[in-house]
Amino acid sequence: MARKLSSHASKRFLNTSYRRPKREVFVEGDWVNIKENLKLSGWDYSQQELIHFYLRSGIPLSFAIKQLTNNIGFCPIRSRSFFNY
């Protein structure tokens, strides 16, 4: 008996660049943009990760930054734009 050819396409030449990782989107924007703004404002990596934790918990960005500055006792000078009074 003749063998039936399979109808599925080979993945040998499949371009995998179309797969994008899921981006975290918060009310203030997506995490990648927020993180870049925090870097430009002078926040270091560990502080950015704490802010990220607060955002994932559902806390707004301005409150997360206020909470972090209360915990560490200071904030970078260029970060005043994050405070919504």
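Glutamate 36 and lysine 39 join their side chains in a salt bridge at 3.7 Å, N to O (a side-chain nitrogen of Lys or Arg within 4 Å of a carboxyl oxygen of Asp or Glu). The two sit 3 residues apart in helix α1 (residues 31-41), so about one helical turn separates them; helices here are DSSP runs of H or I with at least four residues, strands are runs of E with at least two, and both are numbered from the N terminus. Glutamate 36 is partly exposed at 39% relative accessibility, and lysine 39 is partly exposed too, at 43% (buried is under 20% relative accessible area, exposed over 50%, partly exposed in between, with a 1.4 Å probe and protein chains only).

This is a predicted model, with local features needing pLDDT of at least 70 and side-chain atom pairs pLDDT 80 or more, while totals for chains, interfaces and linings use all residues. Residues are numbered from 1 along each chain, and side-chain values use heavy atoms, without hydrogens or water.

The structure has 2 salt bridges. Arginine 23 and aspartate 30 form one of them, at 2.8 Å, N to O, and aspartate 30 is buried at 12% relative accessibility.

Then there is helix α2. Its residues, 45-56, include Gln47, Gln48, Ile51, His52, Tyr54 and Leu55 as buried positions. Looking down the axis, the buried residues of α2 fall within an arc of 160°, so they line one face of the helix (the arc is taken over directions from the helix axis to the C-beta atoms). These buried residues pack against β1 (25-26), α1 and α3 (61-72), contact meaning heavy atoms within 4.5 Å. After α2 comes glycine 58, with a positive phi near 100°.

Methods. Expected span 1.5 Å × (residues − 1).
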